[in-house]
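Student: I have the sequence and the model open. Take me through the labels, and hold each one against its definition.

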Amino acid sequence: MIIFFISLNYNGYLRNDAVLKFPLNNYPYYRNLMELKLVISEKDENTLLYLDLRNNMLGFFSVMNSSTEYFFSESIKRAFIRLFKREYTLTIGKQYINLGLPVLFNPFEIDKSIVFTDFYYTKEGIFGFSSEVMVNPESGFKFFLKPEYFIKNSDAGFDLYTNISSFDIGLVVIRDKTNISGGIYLKGDLIIGINTSNRIYYNKLDKSYNFESLSGFDYSFFEGKLFFGTSFYYNKNENYFGLKSNKYLYNFITYNQNEFLNYSFNTITNFDDLSTLFISSITYNIFEKTTASVLSIIPSGYGEFSYDKFGEFLIILRIERRF
Amino acid sequence: MLILFFSLTSDEILKKIDDNFVFNTIKANATMTIERDGKKLVKEFILFGKKDGNRFFIEFINSEDRGVKYLKIGNELWIYFPDADDIMKISGHMLRQGMMGSDISYEDILSDEELRQKYTSELKNDTIIDDKEYFVLELTAKKEDVSYYKERLIVDKNMYAPVEIELFTKSGRMIKKIIQERIKNFDGRYFPERIIIFDLRRKNSKTSLEYNELKFDILVKDDVFTKQNLKR
């Protein structure tokens with residue numbers, strides 16, 4: 001038994017976020033979030049066991065009333081077994097189910113949750129079953145099922161993907177308790193990198209048809225050191241995922257000076273009122289396996305992301321030690 | 001007494017170099033050390049390669065990058081991130097970026113053409129290093145769209161393996177220098193166990209690649225080079 005536990009692979013990180021918040025209607029306050037991520041895995045020729053655990057300690061420190069509060073929490077983000085043979089892969093348990101392209105606003109994301117400002121955001125795994133069948137080295141078929149007690153409330157879908165003329169192309173169909181969706185995505189190069197994901201979905205409750213789209217491009221200079229991209233998101237449905245607008249513009253610029261120092265600057269603009277969130281970070285490798293980052297979120301404009309509506313701006317000092 | 005002197009042409013030397021460095025399959029276990037301004041990052045990976053179809057597969061096994069995988073098929077590259085359990089295609093314009101922040105660009109890895117296909121060669125005067133004579137070859141690209149327009153190779157006369165490679169832009173600026181050490185015989189093929197790459201556009205920067213295990217022309221199954229294998 002002891003030998004079994006020794007033979008497992010352990011990795012993860014210990015991260016501390018020191019957060020200074022400047023709320024609109026209150027005094028600045030400080031909070032501290034420490035997170036331990038522990039991934040335990042074991043793999044052989046046909047099986048992968050994977051466990052992704054989190055342990056958090058959140059502390060609030062108020063200078064005004066000299067109070068200190070601590071909260072502890074534990075969670076299992078993923079716990080699955082993956083079985084694989086030459087032609088197929090089966091995954092059972094709590095897992096990330098990814099269809100479409102891994103980008104912000106991905107129209108095909110299952111259990112989509114868009115929180116623009118959550119630096120701590122970690123996707124929550126989904127209990128279910130997924131499978132991937134190989135057609136050829138670049139083509140395949142993904143299928144997932146997220147079962148519920150009542151079958152009609154279960155989610156299911158597939159992603160049929162291939163690569164044609166250097167473009168990754170996929171056809172996705174998803175059925176969930178509210179919508180039936182179908183759409184396509186592609187990512188490839190026409191000198192610049194381009195990507196687009198488009199989905200038509202039928203709402204079974206109000207019997208309406210809607211359309212969701214994300215299109216963007218990216219390019220880099222100085223041999224990939226300076227990398228920028230822009231994406232435009234549109235959803236015909238104006239009340240979707242709690243978003244306050246149905247049109248957003250997302251821009252990013254990253255400058256990787258080297259493996260030890262990089263800068264990133266992102267903007268998210270509500271395209272209706274043109275208010276913008278400015279999100280920036282500088283990450284420095286202090287020593288091997290340990291980085292320090294300074295992150296900031298600054299609201300601006302007169303709409304959704306204005307200071308008086310957004311409510312605060314914040315600065316975070318993050319220290320992360322990977323193991 | 002009749003003495004015959006045989007001297008190889010530059011193209012013949014280049015062919016012998018290609019014979020050393022072009023293989024049908026490769027399996028390697030390597031340590032990559034990235035050094036900048038006195039700081040160091042160490043990464044370990046397992047590499048599989050197959051000439052047929054220009055394919056390779058890399059899996060990082062050091063703890064902080066464990067499970068990050070690269071798949072190359074032809075001139076396309078995908079990366080798998082275990083934190084997201086998802087695969088991302090690398091845009092073509094990003095291929096000149098250093099892999100995992102190293103001085104080895106994705107294009108350096110993607111390049112599997114023989115030198116003779118890409119370059120014309122010219123044999124220069126021999127050079128002497130530590131009392132030993134070496135060939136000096138200068139290569140010029142046949143086409144414009146190559147990563148390095150000119151190369152200067154200092155080649156061991158017995159093993160036909162470069163011990164030093166200098167890489168130039170079209171304007172003549174040297175941008176990278178590669179030192180190849182511990183050249184060993186692998187069943188008739190001379191290959192370095194240690195490669196040190198200096199990107200001269202970066203100050204105090206070098207990446208060294210050390211092969212801990214190296215096997216050529218062994219059976220590597222086609223299943224390795226699939227997108228599905230990235231998630232396994």
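Tutor: Start with burial. Buried means under 20% relative accessible area, exposed means over 50%, and partly exposed lies in between (1.4 Å probe, protein chains only). By that rule Y50(A) is buried, and F80(A) is too. Some ground rules: this is a predicted model, where local features need pLDDT of at least 70, side-chain atom pairs count only at pLDDT 80 or more, and totals for chains, interfaces and linings use all residues. Residues are numbered from 1 along each chain as its sequence is written, chains are lettered from A and ligands numbered from 1 in the order in which they are written, and side-chain values use heavy atoms, with hydrogens and water left out.

Student: Why is the pair Y50(A) and F80(A) called stacked?

Tutor: Rings of Phe, Tyr and Trp (its six-membered ring) pair if their centres lie within 6.5 Å; planes under 30 degrees apart count as stacked, over 60 as edge-to-face and the rest as tilted. Y50(A) and F80(A) sit 5.2 Å centre to centre, with 5 degrees between the planes. Hence stacked. Y50(A) belongs to strand β3 (residues 47–62) of chain A and F80(A) to strand β4 (residues 67–84) of chain A, so the pair ties together parts 30 residues apart in sequence. Strands here are DSSP runs of E, at least two residues, and helices are runs of H or I, at least four, numbered from the N terminus.

Student: What makes F186(B) and F216(B) edge-to-face?

Tutor: Their ring centres are 5.6 Å apart and their planes stand at 75 degrees, so the pair is edge-to-face. F186(B) is in strand β11 (residues 174–186) of chain B and F216(B) in strand β13 (residues 205–216) of chain B, 30 residues apart. Both F186(B) and F216(B) are buried. Ring pairs also link F186(B) and F216(B) into a cluster with F21(B), F23(B), F191(B) and Y211(B).

Student: Why is N256(A) called partly exposed?

Tutor: N256(A) has 24% relative accessibility, so it counts as partly exposed. Its place is in strand β14 (residues 247–258) of chain A. Contact means heavy atoms within 4.5 Å. Leaving aside neighbours within four places in sequence, N256(A) is in contact with K225(A), L261(A), N262(A) and Q97(B).

Student: And why does N246(A) count as buried?

Tutor: N246(A) has 4% relative accessibility, so it counts as buried. N246(A) lies in the loop between β13 (226–235) and β14 of chain A.

Student: How do you know that the side chains of N246(A) and K247(A) make a polar contact?

Tutor: A polar contact is a pair of N or O atoms within 3.5 Å; within protein, one must be able to donate a hydrogen and the other to accept it, and residues adjacent in sequence count only if both atoms are side-chain atoms. The contact of N246(A) and K247(A) joins side chains at 3.3 Å. The N246(A) side chain also has a polar atom 2.9 Å from the backbone oxygen of N235(A).

Student: What makes R82(A) and D85(B) a salt bridge?

Tutor: The rule asks for a side-chain nitrogen of Lys or Arg within 4 Å of a carboxyl oxygen of Asp or Glu. For R82(A) and D85(B), the closest N and O atoms are 2.7 Å apart. Across the interface of chain B and chain A, the rule finds 10 salt bridges.
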